[in-house]
Amino acid sequence: MIYLDNAATTCPDPEAVARAEKFLTDCYYNPSARYGGGHEAYTAVSSAREGLIRLIADPLEYSLVFTSCGTEADNQAVFSCAKGTVIASAGEHAAVYQSVSELKNRGYDVKFAPLRRDGSVDGEALLSMVDKKTSLVCVMHVNNETGAVNDIVSLAREVKKRNPRCRFFSDGVQAFGKLPFRLSKEIDYYSVSAHKIGGIKGVGALYKRKNVPLSPYLHGGGQEGGLRSGTENVFGIMCFSYAAENRYASCAEDYTRVHALREELYERLAKTKFLRISSQEGSPYILTVAVEGARGEVLQRMLWDRGVAVGTGSACSSKKPFSRVIEACGYPKSVLGGVLRLSFSVQTTEEEIIKSSAALNAVAAEWKV
Ligand code: PLP
């Protein structure tokens, strides 16, 4: 199987899994236990935390809370600091979009900033919405449906110029481990997820500037400095930190190589059939295209039968069988139904690109409108 759905999840990094295995077999102790084994597990989690912080941030400025997934980290950030007005980009992943929508149900003033054609947020429109009542601005780093990269550093800086007390949160799930990037002090919260970069499912984290508030979402034994109770997933956390180390050891080289693979794939696609939605400047790990008039989920099944796994434009409700995000980019209905998301990992090879492009061209040619 050629796996081109890495934005959905990645194959666990075998080296990271092997290194972490001892926390499943030998050192399975509860990190809160006060004997030697518990201390060993606790120390391992602390060093994973420290290592993950150092990869993208200044440890003097940022702390990190482990969570059960990116979704939990997103929820915790949104519900922690929202007060009067909350602004989010219309492109946010459901984990943020639905959280912010829930705030609206609870009576908050919620505004969504429009998207540009490639799925990035319209920065001017977003900034024009910010005022003294704005408590939180949410702009994802890389859009999971189109790969568009938002310049979160300059957006956060501009938001703070307009309202220094406003918090800035970015969902970094599709950027972490893939884009060479460091958190700058204007970004208050940044969420990440292990399974998108070779860790296992069920582990995420929220980076937080040390001087900003964060409310616990789960109450209990007081783990994670009281910010996230629940016994830590030690194996998952260790896997995450080893996988992240591996990704950052070659992040810039991988970026260049995967960029070339993505462009090669696009070059090989029949231009009469495929419309490109992802821009060249977007994350190289995502190429979103559409076959006008086709049904993405049918193409997806046809590709699976030919040995290629791809994603589609994700639908958010049965009433709308297409993605609200691609719709917000301004595409007509004839395009929305036929969206395919091809997403890559550091393991993707040129041979896979060549074979999958042939399969994509074949299924697009077979499609009868
Ligand atoms: N945010 C973005 C941008 C994502 O792409 C995803 C997963 O697809 C999530 C959040 C949710 O992450 P998790 O699957 O760890 O809950």
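Mentor: Strand β1 (residues 2-4) runs parallel to β11, and three bridges join the two. Strands here are DSSP runs of E with at least two residues, helices are runs of H or I with at least four, and both are numbered from the N terminus. Two strands count as paired if DSSP finds at least two bridges between them. To place one of these bridges, look for I2, whose partner in β11 is V308.

A word on what you are looking at: this is a predicted model, in which local features need pLDDT of at least 70, side-chain atom pairs count only at pLDDT 80 or more, and totals for chains, interfaces and linings use all residues. Residues are numbered from 1 along each chain as its sequence is written, and side-chain values use heavy atoms, with hydrogens and water left out.

Back to β11: four of its five residues are buried, so the strand is largely enclosed by the rest of the structure. Buried means under 20% relative accessible area, exposed means over 50%, and partly exposed is in between (1.4 Å probe, protein chains only).

Strand β11 (residues 308-312) also runs antiparallel to β12, with two bridges joining them. Here T312 stands opposite L340 in β12. Strand β12 (residues 339-343) has another antiparallel partner too, as β10 (residues 286-291) pairs with β12 over five bridges. In that pairing, L287 faces L342 of β12. How many residues of β12 are buried? Five of its five are. Both faces are covered: V339, R341 and S343 are buried on one side, and L340 and L342 on the other.

Now to the helices. In α8 (residues 234-249), 14 of the 16 residues are buried, so this helix is largely enclosed by the rest of the structure. From its first C-alpha to its last, α8 reaches 23 Å, close to the 22 Å expected at 1.5 Å a residue; the expected span is 1.5 Å times one less than the number of residues.

Helix α3 (residues 36-56) holds E50. That residue is partly exposed, with a relative accessible area of 35%, and its side chain makes a polar contact of 2.9 Å with the side chain of R54. A polar contact is a pair of N or O atoms within 3.5 Å; within protein, one must be able to donate a hydrogen and the other to accept it, and residues adjacent in sequence count only if both atoms are side-chain atoms.

Helix α4 (residues 70-81) leads us to the ligand: α4 gives the most to the shell around it, with three residues. Also in α4 is Q76, which is buried with a relative accessible area of 1%. Q76 and L214 are 138 residues apart in sequence, yet their C-alpha atoms are 7.6 Å apart.

In all, 13 residues surround the ligand, the closest being G70, T71, D171, S193 and K196; a residue is near a molecule if one of its heavy atoms lies within 4 Å of it. The protein covers 88% of the 390 Å² of accessible area that the ligand has on its own, by the Shrake-Rupley method with a 1.4 Å probe.
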